[in-house]
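Please look over the sequence and the structure before reading on.

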Amino acid sequence: MAHEINTPLASIALRAESLLKVASDARLQAIDSFKNFPRYLKTIDEEIFRCKKIISALLEFSRVRRPETRVTDLNALAEKATDLVGHQMKLKQVTLSLKLETGLAHIRADDGQLRQALIALLMNALDATPPGGHVEVETHGDGADTVVLTVADDGSGISPENLDKIFNPFFTTKPVGQGTGLGLAICHGIVASHGGEIRVDSELGRGTRLSLVLPVSGGVAART
Ligand SMILES: Nc1ncnc2c1ncn2[C@@H]1O[C@H](COP(=O)(O)OP(=O)(O)OP(=O)(O)O)[C@@H](O)[C@H]1O
Ligand SMILES: [Mg+2]
């Protein structure tokens, strides 16, 4: 299905790109009715990019891949993920800090999937936090069998009536074109397939804490 949409999209993108090259020709630009062509073609290009993003999010969501678990250091994973979003945080003047528990138990997990879940939480925190705000990534052990990875922000918070909807696929409060509403649905799928759960604690106007609570054993995979 995604392939069937991606192929025509790719040829539209290709054509738009070559038209854009042609349309930038000074001779064409001299003709009044051609003036807007480069701008229109750029819009086509950007909108195709957006469609591609939505399709890959949908694909990700529909692919309930079994986690391929290996021994994973959640602290190292948190450092890597924060590295990836650090630049965007800085650009928005949001302070990103880490509070990682030393000696945290390593867990059995699919590190690629967990990193994706963590990045989704970080992007949400970034979106919700105004310049001057703070985002913190924390880890701690909870007994011998469980570890907790939390992303905390002091941003907008989530209204009580939305709190039980945020994990629903396609639920978003973001403007059209900015959110697909799949980030937390994907996170939920990933954490559930690791035998864990997500806890949310949020207060409107004060901020949000979203915690991935994960079994050290890797949950489902460990039972097979
Ligand atoms: N840290 C947060 N602070 C405030 N609201 C949040 C936070 N995280 C999630 N939300 C709310 O939950 C909704 C759903 O989040 P989710 O990540 O699933 O989708 P999205 O961010 O809107 O779109 P996408 O992640 O697909 O780009 C958001 O639109 C927002 O209203
Ligand atoms: Mg999101």
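## Two residues with positive phi

Phenylalanine 170 sits in the loop between helix H6 (160-163) and H7. Helices (H or I, at least four residues) and strands (E, at least two) are DSSP runs, numbered from the N terminus. The phi of phenylalanine 170 is positive, about 75 degrees, although the residue is not a glycine. Most residues other than glycine have a negative phi.

Glutamine 93 also has a positive phi, near 60 degrees, and is likewise not a glycine. It is placed in the loop between helix H4 (74-91) and strand E2 (95-100). Its relative accessible area is 56%, so glutamine 93 is exposed. Buried means under 20% relative accessible area, exposed over 50%, and partly exposed in between (1.4 Å probe, protein chains only).

## Basis of the model

The model is predicted: local features need pLDDT of at least 70, side-chain atom pairs count only at pLDDT 80 or more, and totals for chains, interfaces and linings use all residues. Residues are numbered from 1 along each chain as its sequence is written, chains are lettered from A and ligands numbered from 1 in the order in which they are written, and side-chain values use heavy atoms, with hydrogens and water left out.

## The protein as a whole

Seven helices and seven strands make up the secondary structure of the protein. From the N terminus on, their order is α-α-α-β-α-β-β-α-β-β-α-α-β-β. The C-alpha trace spans about 70 × 45 × 35 Å along its principal axes.

Of the 224 residues in the protein, 36% are buried. Among contacts (heavy atoms within 4.5 Å) with a separation of 6 or more, 71% are between residues 24 or more positions apart. The protein exposes about 13,100 Å², and carbon and sulfur atoms supply 56% of this area. Accessible areas come from the Shrake-Rupley method with a 1.4 Å probe; for residues, only the protein chains shown count as cover.

## The site of ligand 1

There are 19 residues around ligand 1, and Asn124, Thr172, Thr173, Lys174 and Thr180 come nearest. A residue is near a molecule if one of its heavy atoms lies within 4 Å of it. Threonine 173 has a polar side-chain atom 2.5 Å from an oxygen atom of ligand 1. For lysine 174, a polar side-chain atom is 2.6 Å from an oxygen atom of the ligand. Glycine 181 takes part through its backbone, with a polar atom 3.0 Å from an oxygen atom of ligand 1.

On its own, ligand 1 has 590 Å² of accessible area, and the protein covers 89% of it. H5 and helix H7 (183-193) are the elements that give two or more residues to the shell around ligand 1. The largest share of that shell, three residues, comes from H5.

Glutamine 113 belongs to helix H5 (residues 111-128). Is this residue buried or exposed? Its relative accessibility is 5%, so glutamine 113 counts as buried. Leaving aside neighbours within four places in sequence, glutamine 113 is in contact with Arg65, Arg66, Pro67, Ile190, Ser193 and His194.

Glycine 183 is part of helix H7. Because its relative accessibility is 31%, glycine 183 counts as partly exposed. The C-alpha atom of glycine 183 is separated by 30 Å from that of tyrosine 40, and the two are 143 residues apart along the chain.

Note on methods
Polar contact = N/O pair within 3.5 Å; in protein donor to acceptor, adjacent residues only side chain to side chain.
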